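Trainee: I would like to go through this model step by step. Please show me the sequence and structure.

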Amino acid sequence: MSTERPCGVCNYSNSWNVLFFGTDDFSIETLKKLHSGKSQLVNSLEVVTSDKRLKAVKKYALDHNLPLHNWPIDVPKGKYDVGVVASFGHLIPETTISAFPWGMINVHASLLPRWRGAAPVIHAVLNGDSNLNGELRYKLMNASNILMQESCDVPQDITAQDLTKQLANLGARLLMKCLENLPENLQKSIPQNSLQMETTKAPKVTLKMAVVNWNQESLHIYRQYRALTGYFELETSFRNNLIKLDKMMSPSFIQTLQIEDLFKKTANSQIVLPGSVYIHRKRNILCIRCQDYWAGFQCVLVKNYKWMNPLEFYNGFLSKIPFTEWRFQ
């Protein structure tokens with residue numbers, strides 16, 4: 001793929017006319033960087049968004065009087081130098097891409113083709129990835145090249161929401177660095193098909209992903225919680241009632257509480273089934289047996305009731321039934 005600027009367009013001046021495509025909180029960090037770079041790297045900045053609601057990008061554009069366009073849009077050829085995409089959520093057609101003499105740059109929160117799709121950070125946390133990349137991907141017509149990448153460690157207890165914020169800032173910073181010398185960076189870019197990586201999908205998050213299987217290991221359920229918190233609460237059932245769980249404790253902390261011994265002493269039994277429940281009264285923690293050990297939560301929601309702490313849940317529900325029936329399904 002040639003990365004030279006086509007003939008017949010205005011000369012390169014290192015101050016770009018940019019059309020930005022985005023919608024959400026991941027997008028907004030890139031938009032803010034572009035806006036703050038105006039008069040230096042950015043000569044003009046306009047925004048395309050698709051959501052009719054007042055999401056982050058739309059609100060920012062309105063608050064700062066940036067020209068705002070609704071998707072879909074017919075992009076006039078030559079009006080803008082480069083298009084920038086960050087978490088836009090729509091497939092941009094080749095006719096639109098070809099309207100930008102310098103092509104389009106996609107700010108992405110993973111090393112494509114791993115976690116290609118709508119929710120790369122959530123799926124990375126859910127699957128226990130130890131690091132992610134902020135990545136810039138350049139597209140001109142039918143080819144796609146990788147412009148820049150920077151690795152980001154995934155801390156053991158970080159949520160997908162917090163990690164997304166880190167990657168959004170990382171990607172925005174990479175973009176501005178790239179625009180400082182776009183022609184040279186285009187020449188250094190590498191074809192995506194040169195990476196020997198298996199494509200993995202990162203589809204949109206659904207409520208079904210929040211249902212807990214207590215036959216899985218506690219670390220897996222902790223990753224499930226970290227991936228989905230802020231989007232969905234974890235769900236289970238108790239005596240045919242829908243239960244939602246929040247404020248999950250770190251498995252490493254739960255292991256210090258010796259829940260296994262406490263449960264067996266209370267139950268007067270050595271048998272502990274997945275889904276079994278124990279209330280740690282001193283710490284006010286709801287403990288639930290997983291395949292390997294216990295998971296701990298500080299907030300419980302029973303359908304048609306308000307959020308409650310574990311002791312409130314015990315007083316309202318568990319205390320009314322035998323200990324042998326304290327089990328989530």
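Mentor: We begin with T23, in the loop between β1 (16-22) and α1 (25-36). Helices (H or I, at least four residues) and strands (E, at least two) are DSSP runs, numbered from the N terminus. This is a predicted model: local features need pLDDT of at least 70, side-chain atom pairs count only at pLDDT 80 or more, and totals for chains, interfaces and linings use all residues. Residues are numbered from 1 along each chain as its sequence is written, and side-chain values use heavy atoms, with hydrogens and water left out.

Trainee: Is T23 buried or exposed?

Mentor: Buried means under 20% relative accessible area, exposed over 50%, partly exposed in between (1.4 Å probe, protein chains only). Contact means heavy atoms within 4.5 Å. Beyond its neighbours within four places in sequence, T23 contacts T49, S50, K55, A56, V57, A86, S87 and F88. Its relative accessibility is 9%, so T23 counts as buried.

Trainee: How are α1 and α2 oriented to each other?

Mentor: Axes are lines fitted to C-alpha atoms, for helices over the stretch in contact, and angles run from 0 to 180 degrees between N-to-C directions. α1 and α2 (residues 56-63) pack at about 30°, with axes 8 Å apart. Angles under 35 degrees count as roughly parallel, over 145 as roughly antiparallel, 65 to 115 as roughly perpendicular and the rest as oblique. α1 and α2 are therefore roughly parallel.

Trainee: How many nonpolar residues are in the contact of α1 with α2?

Mentor: D25, S27, I28, L31, K32 and H35 of α1 meet A56, V57 and Y60 of α2. Ala, Val, Leu, Ile, Met, Phe, Trp, Tyr, Cys and Pro count as nonpolar, Asp, Glu, Lys and Arg as charged, and the others, Gly among them, as polar. By class, the contact has 2 charged, 2 polar and 5 nonpolar residues.

Trainee: How many disulfides are in the whole structure?

Mentor: A disulfide is a pair of cysteine sulfur atoms within 2.5 Å. For C152, the nearest cysteine sulfur belongs to C178, 19 Å away. The search of the whole structure gives 0.

Trainee: How many residues of β12 are buried?

Mentor: Both faces of β12 are covered. I285, C287 and R289 are buried on one side, L286 and I288 on the other. β12 is largely enclosed by the rest of the structure, because the buried count is 5 of the 5 residues.

Trainee: What is the bridge partner of I279 in β12?

Mentor: β11 and β12 (residues 285-289) run antiparallel, joined by 4 bridges. H280 has I285 as its partner. For I279 the partner is L286.

Trainee: Which residue of β13 stands opposite C287?

Mentor: β12 and β13 form a hairpin with 4 residues between them. They run antiparallel, with 4 bridges. Opposite C287 stands G296.

Key:
Pairing = 2+ DSSP bridges.
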